[in-house]
Amino acid sequence: MPEWQSAHLAEALNSCDDAIIGKTLDGIITSWNPAAARMFGYATEEAVGSPISIIIPPERATEEPEILARLRRGIRTERLETLRIRKDGRRVAVCATISPIHDRERKVIAATSVLRDVTARNEAADHYRIAQERLQATLTSIGDAVIVTDIKGCVEFLNPVAEALTGWPQDEAQGKPLEVVFHIVNEVTRQRAENPLAKVMREGIAVGLANHTLLLQRNGGEVAIDDSAAPIRNGSGVTSGVVLVFRDVGVVRAAENMRAKLSAIVESSDDAIVGKDLDGRITSWNGGAERIFGYSRLEAVGRSITMLIPPDRLSEEAEILSRLRRGERVDHFETIRLAKDRRKVFVSLTISPILDAEGQVVGASKIARDITDKKKAERELADAHLLLQRHAEDLERQVALRTAELKESLEELETFSSSLSHDLKGPLRAIESQAQIIREDFGQHLPSEAKSMLDRIIARCSQLSRFIDNVLSYARLRTGGVALVRVELKELVPRVIEEYPHVRQANAKIAIEQPLLAVRGHEALLTQVLANLVSNGVKFVAPGTCPSLRIWTEPCAERVRLWVEDNGIGIPKHDQQRAFGLFTRLPGSGRYDGSGIGLAVVNRAMHRMGGRVGLESEPGKGSRFWLELDAAEVGDGILHASPRSTAPASEAPAHKA
Ligand code: ADP
């Protein structure tokens with residue numbers, strides 16, 4: 001080699017950045033350039049003559065014998081990525097190429113190692129890889145959907161959220177035009193929305209897309225989205241694709257719609273809806289508040305709520321605020337507030353605490369309902385009530401007065417009628433007995449016409465006498481409590497039928513279904529009642545019909561019902577109640593004797609014994625009268641029935657006229 005050439009080579013060795021090391025086939029260093037000294041920290045004098053193992057870390061000790069064995073076979077080791085160790089112990093990442101050196105006979109006599117420090121390169125590669133991984137992880141875990149396209153607008157990447165929202169998996173979407181995977185329309189017009197890619201390419205900057213965008217999903221579903229797109233530029237600023245970021249805003253949009261609706265409701269409410277903070281400062285003021293209190297929103301917001309409170313009610317606000325601070329609500333609190341024109345407004349307040357996201361009370365919402373009209377109506381109603389009450393009291397007093405007067409006149413009338421009846425009875429008896437004497441003593445001297453007139457006088461007298469007896473017994477029944485005792489109907493009923501001649505009418509068939517149950521009653525009153533019912537039953541039969549009666553009792557809860565059934569003319573439904581009225585004779589009864597007192601006596605007597613009377617009847621099919629009294633119990637003592645007077649009941653039965 002010419003001298004200039006070897007000088008040139010030496011300079012190249014010295015100025016080279018790669019470590020160039022010569023070594024024997026036994027691994028002894030024979031040459032060591034300045035780059036090797038810089039890379040491994042050994043000076044040339046230190047290194048030359050030393051084994052190459054000084055730069056081999058213990059964990060790579062097996063590499064060198066292999067390399068040497070290959071060298072001996074003339075094989076070069078190329079671009080071996082490995083680690084070497086510096087004098088100070090630090091590891092150096094290197095890329096080594098070890099080549100054999102041949103003599104003239106092509107025999108391998110030594111070797112050269114060229115080692116390039118690749119620490120910086122490896123670090124850069126690591127950084128790049130980490131950055132890539134981070135980017136991948138970020139895109140995968142990000143809450144927003146991301147689609148990346150190439151410059152032609154074909155999909156390169158979708159993150160999982162984008163896969164879920166579009167319905168396209170990454171492997172199927174890849175390479176497809178963006179508008180296939182990302183099909184968007186306007187929510188209102190349903191027209192296809194502009195391809196974001198085109199917009200980005202046109203404007204060359206990041207763009208937010210139109211509002212009210214709907215993404216049509218692959219499965220036919222729809223999602224409201226909010227999106228933006230940006231160009232991807234390489235290091236030299238050339239656009240290489242587009243990144244599209246979008247999110248499902250269905251919930252947000254629904255919340256916005258709901259908020260808009262709520263505000264509209266608040267605004268259109270007739271009630272005043274007012275927001276205030278915990279210092280009582282007004283923070284919101286709706287149209288209702290403007291109408292009720294007269295302040296505009298501008299005038300009210302920011303001022304203290306106390307502007308609405310009458311001075312004598314200021315303490316209410318302190319109480320309300322302290323309750324709100326405790327998180328309590330105030331419900332339907334009726335009070336008075338002042339309008340802008342100092343007019344008093346009756347309001348019903350409902351005040352609820354407003355909580356922040358942490359649940360802290362930060363203010364209050366107050367709903368005030370104007371109840372001025374209601375209060376006025378209440379006052380008027382109360383006045384009307386008072387008036388009505390006074391009228392009612394007046395009326396009651398008048399009724400009491402009139403009733404007392406009426407009672408007095410009734411009593412007078414009854415006293416008058418009974419004394420009249422009494423006074424009539426004496427002369428009547430005298431007329432009757434004198435007529436009988438005339439008939440008996442002088443009958444044979446009288447012409448037959450005079451005798452029959454006498455008979456008619458005697459008959460009329462006894463008829464009038466029975467009528468007077470009935471009137472008297474009815475009058476006596478009016479007042480007075482009666483002593484109730486056990487009455488054996490099984491004995492009383494046959495006796496009444498036996499003893500009263502008008503009851504024992506010719507041909508009448510009377511069947512008593514024994515045993516009759518015992519009742520608690522008053523024997524004389526019951527005798528009177530039974531005599532009346534039985535004589536009516538025998539009397540009110542159609543001409544030519546033989547009267548037939550059936551009498552029985554039946555238990556009825558704690559009471560006993562005594563039934564008297566006849567085969568008479570019957571009573572129409574609409575007349576049944578009034579048949580019990582005094583002096584009442586029903587249509588069709590004209591041909592039968594009577595004065596209309598009998599059933600009135602029955603009714604009054606039953607009432608006095610605490611009992612009831614009623615009937616079932618149909619015209620032409622007979623009647624069934626029933627009497628209801630308490631059942632007698634063994635050992636029944638004397639009881640007093642409800643009517644109040646202490647006057648004893650008449651012992652005399654009422655005779656039918
Ligand atoms: P009187 O028997 O004196 O007519 P009552 O007071 O006993 O008066 O009866 C009132 C009316 O009720 C009778 O006039 C008659 O029209 C009707 N009435 C009462 N009992 C019967 C009966 N068993 N069958 C049909 N009608 C009757």
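Keep in mind along the way that the model is predicted.

Let's start with the rings. A pair of aromatic rings is described by the distance of the centres and the angle of the planes. Searching the whole structure turns up 8 aromatic pairs. Among them are Trp285 and Phe293, whose centres lie 6.0 Å apart with 40° between the planes, a tilted arrangement. Both Trp285 and Phe293 are buried. Another pair brings together Phe580 and Phe625: the centres are 6.3 Å apart and the planes meet at 70°, so this one is edge-to-face. Elsewhere, Trp32, Phe40 and Tyr42 come together in one aromatic cluster.

Arg561 is placed over the face of Trp626, 3.8 Å from the ring centre. Arg624 is likewise over the face of Trp563, at 5.8 Å from the ring centre.

Now turn to helix 14, which covers residues 372-442. With 71 residues at 1.5 Å a residue, helix 14 should span 105 Å, and its end C-alpha atoms are 100 Å apart, so the two values agree. Which residues of helix 14 are buried? They are Lys375, Glu414, Ser418, Ser421, Lys425, Leu428, Glu432 and Ala435. These buried residues pack against strand 15 (330-338), strand 16 (344-355), helix 15 (448-476) and helix 18.

Finally, a look at the backbone. Most residues other than glycine have a negative phi, and most peptide bonds are trans. Gln514 and Pro515 are joined by a cis peptide bond, with omega about -5°, and Pro515 lies in the loop between strand 19 (509-512) and strand 20 (519-521). Arg342 is not a glycine, yet its phi is positive, near 65°. Arg342 is in the loop between strand 15 and strand 16, and its relative accessibility of 52% is why it counts as exposed. Phe583, also not a glycine, has a positive phi of about 60°. Phe583 is found in the loop between strand 22 and helix 18, and with a relative accessible area of 47% it is partly exposed.

Key: Residues are numbered from 1 along each chain as its sequence is written. This is a predicted model: local features need pLDDT of at least 70, side-chain atom pairs count only at pLDDT 80 or more; totals for chains, interfaces and linings use all residues. Side-chain values use heavy atoms; hydrogens and water are left out. Rings of Phe, Tyr and Trp (its six-membered ring) pair if their centres lie within 6.5 Å; planes under 30 degrees apart count as stacked, over 60 as edge-to-face and the rest as tilted. Buried means under 20% relative accessible area, exposed over 50%, partly exposed in between (1.4 Å probe, protein chains only). A charge sits over a ring if NZ of Lys or CZ of Arg is within 6 Å of the ring centre and within 35 degrees of the ring normal. Helices (H or I, at least four residues) and strands (E, at least two) are DSSP runs, numbered from the N terminus. The expected span of a helix is 1.5 Å times one less than its number of residues. Contact means heavy atoms within 4.5 Å.
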